[in-house]
Amino acid sequence: MLNLDLIEFADLVRPIQIVNEIIKQIPEITIPVPLDDIASAVGIGKIEYSPLDGFEGILLANKEKTKGGILINSNSRHHRQRFSLGHELGHFMLPRHGHEMRCGINDLKTSTGKQLSRKQKIELEANQFSAELLMPKKHFKRYTGFNGSPSMQCLMNQANDFDVSFEACAQRYCAQHDEPVAIVFSHKGIVRYSCKSPDFPFWINPSKGDPVPAFSFTKKVLNKPENSITSDCSISTNWIGNDKYYETPEDIIEDVYILENGYATTMLSFEDELEEKE
Ligand SMILES: [Zn+2]
């Protein structure tokens, strides 16, 4: 059983502050993060899994949010259930959030980059809380292989060990990696969206809704068997545009993971260090 000193949380309002305090107080924490134990240490007396109609997670707590219970939709996939549990726990621990929350699939998908209403901001914070807690920065960055060159195999291992969905892990991977790396998600040859690490300076050419570049390596292997990873170089202009400060390298590495039902993921990185323009 875990013990947390709840007094220490009194002044914390941001998701990352609260998660960091949890991680700080449990130095012996193991991966995958034991969400149930953490929930019970902060006052969640009961977590129930049952088929919910139109909701992924429900938080019912007292007004002071000292105790409560969480309901999770048992019809959803395992990783979604886990993410929902982190999300509801976020509502419980984030002081500005309500004590009775009913969250649907769209609430779990709220992300940055658009004009958000107050309600959406609250949902976004709960999502940030869940991602931070499921993949604590300290443990994520220290993962064996994470600090080397970007690697699809390492990303897959991380998703598996942290017990999170591949896509949630890929976003975290991009956000935390110190090398220039970008990940492009596609479905049936059409780009869904992409994300990139802070040090990846280039624009990704194909936007949402565009086809995977015709002469890319990804395009060539889209019909490979599911669950395979293949890797090769292609001309970088397939994927990236010019940058003001960095020379565009001639080649780009494509690390391609073919998932089920036409989904594919392309990890883009460079062989050599990027050169600044003179
Ligand atoms: Zn919510």
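Which residue lies over the face of tryptophan 203? Lysine 196 does, at 5.0 Å from the ring centre; a charge sits over a ring if NZ of Lys or CZ of Arg is within 6 Å of the ring centre and within 35 degrees of the ring normal. The model is predicted, so local features need pLDDT of at least 70 and side-chain atom pairs 80 or more, while totals for chains, interfaces and linings use all residues. Residues are numbered from 1 along each chain as its sequence is written, and side-chain values use heavy atoms, without hydrogens and water.

The zinc ion has as protein donors His87 (NE2), His91 (NE2), Cys103 (SG) and Glu123 (OE), lying 2.0 to 2.2 Å from it. Donors are N, O and S atoms within 2.8 Å of the metal (3.2 Å for Na, K and Ca); water is not among the atoms, so sites may look incomplete. Along the chain, these donors follow the spacing H-x3-H-x11-C-x19-E. Histidine 87 belongs to helix α3 (residues 78-93) and cysteine 103 to strand β4 (residues 100-103), so the pair ties together parts that are 16 residues apart in sequence. Helices (H or I, at least four residues) and strands (E, at least two) are DSSP runs, numbered from the N terminus.

Histidine 87 is buried, with a relative accessible area of 0%, and cysteine 103 is buried at 1%. Buried means under 20% relative accessible area, exposed over 50%, and partly exposed in between (1.4 Å probe, protein chains only).
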